[in-house]
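Here's a quick briefing to read alongside the model. Have the sequence and the 3D view open as you go.

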Amino acid sequence: MELQLQSIFDDVIKTELIEEAFAGMFMDTEDDEKTKQITCLAAFKLYWSSLTQESHEQCVQWVVRFIHTQHSPKRISFLYDLIATAVETSLLPPRLVCETLINSEHLEYEKAQLWSLTFKLVRKIIGGVDYKGVRDLLKAILEKIQTIPITVSSSVVQQLQTARDVVMYILDRNACLLPAYFAVTEIRKLYPEGKLGHWLLGGLVSDYVDSFRPTARINSICGRCSLLPVVNNSGAICNSWKLDPTTLRFPLKGLLPYDKDLFEPQTALLRYVLEQPYSRDMVCNMLGLNKQ
């Protein structure tokens, strides 16, 4: 596979090398660039159609690795345009391309051009990815952003912003790329209650999570931590008082931004119930214990 793919891209690369060696003597016109692109895509399409479905992922990985190991900025830019055209003409699947680009080991914040071109391309083609794929991409992008240290050179900040632009586009409810609940779930997994988001994202993530606080309050009992049950021997037991037997916290559905006191151990509640007469059945029900 590698030899065949190498031969497809060789003509383009060789031409680029000649142009670099004699950069001051001639330049390609837009028509020349388009002709090279069409020729390369035609050869690649013929080879792609001969591959099995199982080999497609390996093929895309090779192409991305080939691009990310280039050193010429002009060559890298040309190859990114080539991938964009391949996706737009339905030759390559957008989800596979996006995942391979973002998960590439060569995609690092220090490589400003690769970083910028990658996320610009993802922003351009992510509209063709299904919502489950967008959810996985959001997770991968947030994790990639986490690799950026607290302090970076001001010269690369502008290029790094392209990753933020993609996250903003995914979280835009009007873009309809992903159900908002799925997005906030992925964010809460990476940034649980009390953990600040990455500086590159600024208030984008926190504002998005805060927009779900009314939903979280609707899904929980108002003032729940201040309420106390009526304990008696009638046998009537309400599931609202159930606690996690390990943490003594209320079981909360989903990863919504509930009020902070709902995440605290409810030791005072359990102590109150234990102090009441006829509390045995209720304590067993609260903690999910078997009655002896």
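Predicted model: local features only at pLDDT ≥ 70, side-chain atom pairs only at ≥ 80, totals over all residues.

Residues are numbered from 1 along each chain as its sequence is written, and side-chain values use heavy atoms, with hydrogens and water left out.

The chain splits into domain 1 (1–219) and domain 2 (224–287), with bounds that come from an automatic or database domain assignment. Their C-alpha centres sit 48 Å apart.

**Where the two domains meet**

- On the domain 1 side, 12 residues are in contact with 9 residues of domain 2 (contact means heavy atoms within 4.5 Å).
- The size of an interface is often given as the accessible area lost when the parts come together.
- Here, the area buried between domain 1 and domain 2 comes to about 990 Å², with carbon and sulfur atoms giving 65% of it (buried area is the accessible area, taken with a 1.4 Å probe, that two parts lose on being put together, summed over both).
- The rule picks out 1 salt bridge across this interface (a side-chain nitrogen of Lys or Arg within 4 Å of a carboxyl oxygen of Asp or Glu).
- Arg217 and Asp259 form a salt bridge, their closest N and O atoms being 3.6 Å apart.
- The interface of domain 1 and domain 2 also has 3 residue pairs in polar contact, both residues at pLDDT 80 or more (a pair of N or O atoms within 3.5 Å; within protein, one must be able to donate a hydrogen and the other to accept it, and residues adjacent in sequence count only if both atoms are side-chain atoms).
- On the side of domain 1 that touches domain 2, α9 (180–190) and α11 (213–218) each supply at least two residues (helices are DSSP runs of H or I, at least four residues long, numbered from the N terminus).
- That side of domain 1 divides into 4 nonpolar, 3 polar and 5 charged residues (Ala, Val, Leu, Ile, Met, Phe, Trp, Tyr, Cys and Pro count as nonpolar, Asp, Glu, Lys and Arg as charged, and the others, Gly among them, as polar).

- Helix α5 is largely enclosed by the rest of the structure, because 7 of its 9 residues are buried (buried means under 20% relative accessible area, exposed over 50%, partly exposed in between, with a 1.4 Å probe and protein chains only).
- The buried residues of α5 are Pro94, Leu96, Val97, Cys98, Thr100, Leu101 and Ile102.
- Their cover includes α3 (56–68), α4 (73–88), α6 and α7 (131–145).
- His106 is in the loop between α5 (94–102) and α6 (112–125), and is buried at 18% relative accessible area.
- Leaving aside neighbours within four places in sequence, His106 is in contact with Arg65, His68, Thr69, Lys111 and Leu114.

**Salt bridges**

- The whole structure has 9 salt bridges.
- Arg95 and Glu99 pair up at 3.0 Å, N to O, and being 4 residues apart in helix α5, they are separated by about one helical turn.
- Arg95 is partly exposed at 28% relative accessible area, and Glu99 is partly exposed too, at 24%.
- Asp136 bridges to Arg135, with the closest N and O atoms 3.7 Å apart.
- Glu186 and Lys189 form another salt bridge, at 3.6 Å between the closest N and O atoms.
- Glu186 counts as buried at 9% relative accessibility, whereas Lys189 counts as exposed at 54%.
- Salt bridges that share partners link Arg95, Glu99, Asp130, Arg135 and Asp136 into one network.

**Two more residues to look at**

- Leu160 is in helix α8 (residues 154–171) and counts as buried, at 1% relative accessibility.
- Not counting residues up to four places away in sequence, Leu160 touches Tyr109, Trp115, Ile148, Val152, Trp199 and Leu200.
- Ser49 is in helix α2 (residues 30–49) and counts as exposed, at 56% relative accessibility.
- Ser49 and Arg188 are 139 residues apart in sequence and 41 Å apart in space, C-alpha to C-alpha.
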